[in-house]
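Reader: I want to learn how to read ring pairs and helix packing from coordinates. Can you take me through a case?

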Amino acid sequence: MRLILTALVFLLGMFDLFMGLNFLLNPAETGAGLGLAAPDTQGLSTMRADFTAFFGVIAVCMMIGAWRRNADLLLVPAALMGTAVAVRALSLVWDGSYSGWQVPMLVEALHVALLIAAWRVLPHHKIEELTR
């Protein structure tokens with residue numbers, strides 16, 4: 001079970017890495033695929049910076065956490081994705097639904113469930129061990 005969870009975390013981290021790279025290299029088309037429009041340079045810059053940071057940090061923490069079998073690193077992407085799915089739920093209440101809203105929420109919830117499951121079975125490391 002531990003090996004399967006580790007592999008799934010790493011593969012999902014690779015998916016997030018590619019999402020981040022897509023926003024870095026082609027924010028207009030990647031954003032349009034998610035229903036975002038960037039009418040000017042400021043919008044492109046914001047999408048490029050914010051989404052690359054979001055998906056990049058998630059990906060790096062997931063991939064390094066899985067590779068090193070360090071469950072503590074998985075808490076960062078779990079918190080980010082958990083926040084995203086919670087805010088999407090609030091947005092559904094405040095703003096109403098839209099076509100396809102289930103897919104991003106399902107992906108984010110899947111991230112949280114997988115990361116918490118992996119966090120429970122992978123070893124935890126002390127700070128001193130990481131600095132050696």
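Author: We start with the overall layout, then turn to aromatic pairs and helix packing. This is a predicted model, where local features need pLDDT of at least 70, side-chain atom pairs count only at pLDDT 80 or more, and totals for chains, interfaces and linings use all residues. Residues are numbered from 1 along each chain as its sequence is written, and side-chain values use heavy atoms, with hydrogens and water left out.

Reader: How many helices and strands does the protein have?

Author: Helices (H or I, at least four residues) and strands (E, at least two) are DSSP runs, numbered from the N terminus. Here there are six helices and zero strands. The C-alpha atoms fill a box of roughly 45 × 30 × 25 Å along the principal axes.

Reader: How many aromatic pairs does a search of the whole structure find?

Author: Rings of Phe, Tyr and Trp (its six-membered ring) pair if their centres lie within 6.5 Å; planes under 30 degrees apart count as stacked, over 60 as edge-to-face and the rest as tilted. The search finds five pairs. Take F23 and F55: their ring centres are 6.2 Å apart and their planes at 5°, so this pair is stacked. F23 sits in helix α1 (residues 2-25) and F55 in helix α3 (residues 41-67), so the pair ties together parts 32 residues apart in sequence.

Reader: Are F23 and F55 buried or exposed?

Author: Buried means under 20% relative accessible area, exposed over 50%, partly exposed in between (1.4 Å probe, protein chains only). F23 is buried at 0%. F55 is buried too, at 10%. F55 also pairs with F51: centres 6.4 Å apart, planes at 20°, so that pair is stacked. F51 and F55 both lie in α3, four residues apart, about one turn of the helix. F51 is partly exposed, at 25%. F23, F51, F54 and F55 form one aromatic cluster.

Reader: At what angle do α4 and α5 pack?

Author: Axes are lines fitted to C-alpha atoms, for helices over the stretch in contact; angles run from 0 to 180 degrees between N-to-C directions. Helix α4 (residues 75-95) and helix α5 (residues 102-121) pack at about 145°, with axes 9 Å apart.

Reader: Which residues in α4 and α5 meet?

Author: Contact means heavy atoms within 4.5 Å. From α4, the residues include L75, M81, V85 and L92; from α5, they include M105, V112, L115 and W119. The residues of this contact divide into 15 nonpolar, two polar and two charged. Ala, Val, Leu, Ile, Met, Phe, Trp, Tyr, Cys and Pro count as nonpolar, Asp, Glu, Lys and Arg as charged, and the others, Gly among them, as polar.
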